[in-house]
Structure formats: structure tokens, C-alpha cells
Amino acid sequence: MIVRIGHFLFHWRNVLFPLFYLLLFLPAPAVFADVRLAVALGLIVALTGQTVRVATIGLDYVVRGGRGRHVYAEDLVTEGIFAHCRNPMYVGNALVLTGLGLIANSLYFLVLVVPLFLMFYHAIVAAEESFLREKFGEAYVAYTRDVPRWVPRLQGLGATLSRARFQWRRVLRKEYNAAYLWMTGAVLLILLHVRAAAPDRWDTALPAGVVALTLLLLAYATVRGLKKSGRLPDV
């Protein structure tokens, strides 16, 4: 049953997951009395998640984005960050979303939406594991015995990072859209906090926020333009 649910969620993830993003902006009870603490913790958690995603893509990336909105993988990748965690991209996503929930300082988001998001990912991973087990057989079963599903194994991580060639072009191609979305959301959430909690600082915060949003948009447009023009080839 969970595998069927996972296939369904995988098929509709591009519709369902943006809804989590929108829920960040709904009014909710605060987690921290000091919103500055919430923002600081949230940025640390979200940037940690982004770092995990960047390391995963830059070292040994697995094509597991689906084919025709169905679960698919070209190869069984067991190197790079995948030698330490079977689902590092999903771990990164969960950290980014949790970080945004902290930045929003939203109790509802952290106690309701984040657990629901994790349940969705659990089902998707079950569907992916079923596919991988069927396609790669004993090689995948052996991999699951050696590498944890969620909590990264830190042993040997330094050696992994030192011996691999990091592919910055691949990171830019694969990650520019997701990074732009969550960082833009973080800026908007911070602006909402300033307007609500420190209106006397609004005249200063608004121009700074506009500059930040403009820089993010310019970076997004630049990378997208390079990608579409072929000057940022896939590697």
C-alpha cells in the first residue's frame, strides 16, 4: 500500500509540494518569542540543507527525477554523498523546509506540515526502493545493508570530499531554481516579520529586501540564460 501511495505522490509531487511552500505564509502561533532567534536558527538549518544538496549534486549525482512523472533511475549511484546516505537530496529538502518553517516562526508549520512532508517522502522513498530493488537486484540490497536510508554516516566523509572532483556547472544547472525559490521565500518571510514586529525599521528593511530579491532574481536569470543558451552544458 505504501508503495502505491509513494508512486501517486511521486507522480503529483510538482503540484503537491509547492503547496507546502505557500503554507509558510499563513498566520500561525509563534514558536519563539524572539523572532530574531527563529530567523537565525532557520537560516542555519536551511543553509545546512542547501549544503547537503550542493554536495550531493556536485560529487556524484543520481538521475532520480523520474521519467514521464514515474519513478526512474538510470544507474545505481553509490559514490559521493550516496556512499554515506541513500537519500541525501531528500534529507537536504527536509532541512530546507524545516529551516523555512523556523524562519516563518510558525508553530503550525513545524508540528503539522513538516511531519506531513516527511510522511510523503517516506512513501516516495518506499516506491523508489521498490523500483531500485527490482532493477538492480542484489547490488541494491547490498547497498541498503551498508548505507543508512536517512541519517548520514559521517565516517569517511572527509575522504569522500577530498578525492572527488566537484562539478560546479552541474550544481548551477540542477540547483538554481530550487535555491532561488527558498531563498526568495526566506527574504519575504523576514520582511513580513519586520513589518509586523518592528514597523519603525520598515523604511530601512524594505529597500534592503528589494535589493536582496533583485540580486536573487538576477542570479536566477543569469544561470537560466546560460543554461538555455548552451553556455552552461550538462556534465
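Me: When does a residue count as buried, and is Tyr90 buried or exposed in this predicted model?
Reply: Buried means under 20% relative accessible area, and exposed means over 50%. Tyr90 has a relative accessible area of 13%. That value is under the 20% cut-off, so Tyr90 is buried.

Me: Which kind of pair do the rings of Tyr90 and Tyr121 form?
Reply: A pair of aromatic rings is described by the distance of the centres and the angle of the planes. The centres of Tyr90 and Tyr121 lie 4.3 Å apart, and their planes meet at 20°. Centres within 6.5 Å make a pair, and planes under 30 degrees apart count as stacked. The pair is therefore stacked.

Me: How many residues apart are Tyr90 and Tyr121?
Reply: Tyr90 sits in helix α4, residues 88-104. Tyr121 belongs to helix α5, residues 107-136. The pair links distant parts of the chain, and the separation is 31 residues.

Me: Is Tyr121 buried or exposed?
Reply: The cut-off for buried is under 20% relative accessible area. Tyr121 has 5% relative accessibility, so Tyr121 counts as buried.

Me: What is the radius of gyration of the protein?
Reply: The protein has 9 helices and 0 strands. For 235 residues the globule rule gives 18 Å. The protein comes close to that, so it is as compact as a globular protein of that length, with a radius of gyration of 19 Å.

How values were computed: Residues are numbered from 1 along each chain as its sequence is written. This is a predicted model: local features need pLDDT of at least 70, side-chain atom pairs count only at pLDDT 80 or more; totals for chains, interfaces and linings use all residues. Side-chain values use heavy atoms; hydrogens and water are left out. Helices (H or I, at least four residues) and strands (E, at least two) are DSSP runs, numbered from the N terminus. The radius of gyration is taken over C-alpha atoms; the globule rule is 2.2 Å times the number of residues to the power 0.38. Rings of Phe, Tyr and Trp (its six-membered ring) pair if their centres lie within 6.5 Å; planes under 30 degrees apart count as stacked, over 60 as edge-to-face and the rest as tilted. Buried means under 20% relative accessible area, exposed over 50%, partly exposed in between (1.4 Å probe, protein chains only).
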